[in-house]
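I opened this entry to look up surface and pockets. My notes follow the display.

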Amino acid sequence: TLNRPKFLNALCDQLIKEINESVEDVVILFLDEIDETDWRVLKELNVVVESFHYKNKEVRPFIFCGASINKGKISRRNPDLLNRFQFSILFKPYLIRELCSILKQYAQEMFPYEKIPNQIIRKIALNSKQNLRNCLTMLENYVCEGDLDYILENNQIIDKGITQKDI
């Protein structure tokens with residue numbers, strides 16, 4: 001077992017317990033934003049997926065899945081993890097018009113009393129790296145702040161979603 005804080009031990013223990021105690025015929029362990037999962041947990045899961053044993057106890061076979069928009073971060077932090085996944089599904093990025101449509105619907109539903117100009121919606125979509133989560137965050141920040149240029153500057157967005165970090 002890796003040297004890790006107690007909370008990580010508890011997390012791994014809980015995951016394995018839920019897998020072993022599931023009443024489902026097929027158990028699926030799905031980790032969204034897997035690139036943000038502590039690398040020590042993923043290292044432990046690597047071993048479990050290979051042997052279906054954890055702390056010298058048998059682990060019920062399960063399907064291990066993850067989702068991320070940052071495959072590069074996974075390969076840097078835990079290159080073995082990518083080898084555990086037999087399939088990789090690449091989704092097409094949203095088109096700008098699709099993001100604009102979603103943003104308008106979201107704004108109408110969440111902020112019905114706010115009048116958000118179409119040019120703001122489009123500018124948000126253009127600066128999101130075609131990522132819906134980025135769009136929604138910028139829209140929410142815009143509703144609170146009211147100044148999209150300030151939000152872009154505060155997030156170090158230079159143009160079309162490109163940030164200082166990207167350069």
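I began with Phe-30, which sits in strand S1, residues 28–32. Strands (E, at least two residues) and helices (H or I, at least four) are DSSP runs numbered from the N terminus. The model is predicted, so I kept in mind that local features need pLDDT of at least 70 and side-chain atom pairs pLDDT 80 or more, while totals for chains, interfaces and linings use all residues. Residues are numbered from 1 along each chain as its sequence is written, and side-chain values use heavy atoms, without hydrogens and water.

Next I looked up the pockets. A pocket is an open set of points on a 1 Å grid over the protein atoms alone, where a 1.4 Å probe fits, with protein on both sides within 12 Å along at least five of seven lines; lining residues have an atom within 4 Å of a point.

I found a volume of about 1600 Å³ for the largest pocket. Its lining has 45 residues, and those closest to the centre are Ala-67, Ser-68, Ile-69, Asn-70 and Lys-71. Helix H7 (132–145) is one of the elements that supply at least two lining residues, and H7 gives the most, with six.

The second largest pocket has a volume of about 180 Å³. I listed its lining residues, among them Glu-33, Asp-35, Lys-73 and Arg-133.

Key:
Grid points are joined across faces, edges and corners, and a volume is the space filled by probe spheres set on the points.
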